[in-house]
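Subject: Structure handover and notes

Dear colleague,

Here is the structure I promised to pass on, with my notes below it. Please keep the view open while you read.

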Amino acid sequence: MAKYEYSGPVMLFDKCIAYIKSAETIAPSEAKARSNIAYRWKKENGYGPNQKITLQGRLILKEDTNDENFNS
């Protein structure tokens, strides 16, 4: 798994409704990391699961724990 950090706009369909300064998550892929952060943002801000929230900013790989020498 890897640790990702996101900072950028939160989009509801094509409209920017918020800006995330910094959010982190641990996920196996960049796509899953975006999904995790979007889900958490929706839950914290009262948006339902059927509302389309997208994150269009850059996702930065902070730490990759897929190393063979990494001890969990």
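A residue is called buried when its relative accessible area is under 20%, exposed when that area is over 50%, and partly exposed in between, with a 1.4 Å probe and protein chains only. By that definition Lys 62 is partly exposed, because its relative accessible area is 48%.

Before going further, please note that this is a predicted model, in which local features need pLDDT of at least 70 and side-chain atom pairs count only at pLDDT 80 or more, while totals for chains, interfaces and linings use all residues. Residues are numbered from 1 along each chain as its sequence is written, and side-chain values use heavy atoms, with hydrogens and water left out.

Overall picture

The protein chain contains one helix and four strands, and read from the N terminus these elements follow the order β-β-α-β-β. Helices (H or I, at least four residues) and strands (E, at least two) are DSSP runs, numbered from the N terminus. Taken along the principal axes, the C-alpha atoms fill a box of roughly 45 × 20 × 15 Å. Of the 72 residues in the protein chain, 29% are buried. The chain exposes about 5200 Å², of which carbon and sulfur atoms supply 48%; accessible areas come from the Shrake-Rupley method with a 1.4 Å probe, and for residues only the protein chains shown count as cover. Among the contacts (heavy atoms within 4.5 Å) with a separation of 6 or more, 54% are between residues 24 or more positions apart.

Salt bridges

How many salt bridges does a search of the whole structure find? The search finds three, where a salt bridge is a side-chain nitrogen of Lys or Arg within 4 Å of a carboxyl oxygen of Asp or Glu.

One of them joins the side chains of Lys 3 and Glu 24, at 4.0 Å from N to O. Because Lys 3 lies in strand 1 (residues 2–12) and Glu 24 in strand 2, this pair ties together parts that are 21 residues apart in sequence. Lys 3 counts as partly exposed, since its relative accessibility is 28%, and Glu 24 is likewise partly exposed, with a relative accessible area of 37%.

Another is formed by Lys 62 and Glu 5, whose closest N and O atoms are 3.2 Å apart. This pair links distant parts of the chain, with Lys 62 in strand 4 (residues 59–64) and Glu 5 in strand 1, 57 residues apart.

Glu 30 and Arg 34 also form a salt bridge, their closest N and O atoms being 3.7 Å apart. Both residues lie in helix 1 (residues 30–44), four residues apart, which is about one turn of the helix. Glu 30 counts as partly exposed at 38% relative accessibility, and Arg 34 counts as partly exposed at 23%.

Is Glu 5 buried or exposed? Glu 5 is buried, because its relative accessible area is 18%. Its side chain makes a polar contact of 2.7 Å with the side chain of Ser 22, and a polar contact of 3.2 Å joins the side chains of Glu 5 and Lys 62. A polar contact here is a pair of N or O atoms within 3.5 Å; within protein, one must be able to donate a hydrogen and the other to accept it, and residues adjacent in sequence count only if both atoms are side-chain atoms. Not counting residues up to four places away in sequence, Glu 5 touches Ser 22, Ala 23, Glu 24, Arg 58, Leu 59, Ile 60 and Lys 62.

Ala 23 is placed in strand 2 and counts as buried, at 11% relative accessibility. Leaving aside neighbours within four places in sequence, Ala 23 is in contact with Tyr 4, Glu 5, Tyr 6, Ile 37 and Arg 40. Ala 23 and Trp 41 are 18 residues apart in sequence, and their C-alpha atoms are 9.2 Å apart in space.

Thr 25 is also found in strand 2 (residues 15–27), and at 10% relative accessibility Thr 25 counts as buried. The side chains of Thr 25 and Asn 36 are joined by a polar contact of 3.3 Å. With neighbours within four places in sequence left aside, the contacts of Thr 25 include Ala 2, Lys 3, Tyr 4, Ala 33 and Ile 37.
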